[in-house]
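Please keep the sequence and the structure in view while reading.

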Amino acid sequence: MATRDIYETGFDEDVQTESNANQCPECDGHVTTNAVETICEDCGLVIEEQRIDHGAEWRAYDADERERTGAPLTAARHDRGLSTEMGRGTDAHGNELSGQKRRRLARMRREQTRGRWRSKAERNLAHGLGEVRRLASTLELSESIRDQACQLFRSAQSEDLLRGRSIEAIGAASIYGTCRCNQHPLLLEDVVDAARVESTRVTNAYRTLNRELELPAPPMRPTSFVPRLISELELDHDIRRRANELAECAEGTALTNGCQPSGVAAACVYLAAQEQGALITQSTVASAAEVSVVTLRSRRDELQAI
């Protein structure tokens, strides 16, 4: 059976097409041509390569280093980044527009703004994704986490979870849920401080997302918070290494069951700093971990017991 009888073909520029006019110069076999090259199906000889590049064009053709392609698609925009932007005072060559053309562009820009969203759901999506982008920028998160949070917000809207809830709360919960799924050491208090809603609303929104969408969020580990505390307290590498050892030892026992992981991490950092002779107070470590001094001392006593 020939190769052409095995693979299915469809309407695509990469689909192999038969070439009956030419035969293989080596074995007189059947020749096919796709978007890349012309090959023989019998012996596999590459007869000719297609010189047309169907990919993106990134070459600049003028002094302004102008690119012939737009920005890539992104999940952080409600229209995937395919929106149209209208200029204001100059044309594409930098020449100043006349007053009549500027007034015409102003009218066109106003009508475009009015018809930018086809429905109220799309307008809410644009507002929510804008809030997610703002939080990701404020918290200095990576683009990967930002895009995942935007996709989580889209899933929440498609499941009709925005009804009766604040868009800002769902956006903050999307950021926190994405960080939990990626084991990013981000506290809920950090998200609430950057958000424009109360802590109870963000907490309830995250519980709704976790319950309805079944987020694959594993339990946070104390070792995830140790590097952050070491960086905020400006401690050396030896203290970090010892704190990681204590955190791993605590994770191997029942100490972390039902305890706040940031509190356990704070106790590990404090104990490691004491062993290395660093002058640091309990209140400083507890403030960096956003836990109380009583919690820090309780976790420290439990660590010393094991």
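The structure is a predicted model.

## Annotated cysteine site

An unreviewed UniProt entry lists Cys24, Cys27, Cys40 and Cys43 under "binding site". These residues are spread over 20 residues of sequence, yet they cluster in space, with a largest C-alpha distance of 8.7 Å. The annotation comes from the record and may be inferred rather than shown by experiment.

## Positive patch on the surface

Positive charge gathers in a surface patch formed by Lys101, Arg103, Arg104, Arg107 and Arg110. Lys101 belongs to helix H1, which covers residues 99–114. With a relative accessible area of 47%, Lys101 is classed as partly exposed.

In the whole structure, 14 salt bridges are found. One of them joins Arg196 to Glu131, with 3.9 Å between the closest N and O atoms. Arg196 is located in the loop between H5 and helix H6 (199–212), whereas Glu131 is part of helix H2 (residues 120–138), so the pair ties together parts that are 65 residues apart in sequence.

The two partners fall on opposite sides of the accessibility scale. Arg196 has a relative accessibility of 57% and therefore counts as exposed. Glu131, at 3% relative accessibility, counts as buried.

A network of salt bridges links Arg241, Arg242, Glu245 and Glu275.

Glu245 and Arg241 are 4 residues apart in helix H8 (residues 237–251), which corresponds to about one turn. Arg242 and Glu245 are also separated by about one helical turn, because they are 3 residues apart in helix H8. As for accessibility, Glu245 is partly exposed at 35%. Arg241 is partly exposed at 41%, and Arg242 is partly exposed at 25%.

## Residues apart in sequence

Two further pairs relate separation along the chain to distance in space. Ala76 and Ala126 are 50 residues apart in sequence, and their C-alpha atoms are 9.0 Å apart. Ala76 sits in the loop between strand S4 (46–49) and H1. A relative accessible area of 3% makes Ala76 a buried residue.

The second pair is Leu188 and Val202, which are 14 residues apart along the chain and have a C-alpha separation of 8.5 Å. Leu188 is in helix H5, which comprises residues 188–194. The relative accessible area of Leu188 is 18%, and the residue is therefore buried, given that the term applies under 20%.

## Positive phi angles

Most residues other than glycine have a negative phi. Which places in this model show a positive phi in a residue that is not a glycine? One is Gln183, with a phi of about 60°. Another is Glu234, whose phi is near 60°.

Gln183 is found between helix H4 (167–181) and H5, and Glu234 is found between helix H7 (222–233) and H8. Gln183 is partly exposed, with 24% relative accessibility. Glu234 has a relative accessible area of 71% and is exposed.

Conventions: Residues numbered from 1 in each chain as written. Predicted model: local features only at pLDDT ≥ 70, side-chain atom pairs only at ≥ 80, totals over all residues. Heavy atoms only, no water. Patch = residues over 30% accessible without salt bridge, like charges linked within 9 Å, V, L, I, M, F, W, Y side chains within 5 Å. Areas by Shrake-Rupley, 256 points an atom, 1.4 Å probe, with all protein chains shown as cover. Salt bridge = Lys/Arg side-chain N within 4 Å of Asp/Glu carboxyl O. Lys, Arg positive; Asp, Glu negative; His and termini not counted. Charge placed at Lys NZ, Arg CZ, Asp CG, Glu CD. Helix = DSSP H or I, 4+ residues; strand = E, 2+ residues; numbered from the N terminus. Buried < 20%, exposed > 50% of the residue type's maximum accessible area, 1.4 Å probe, protein only.
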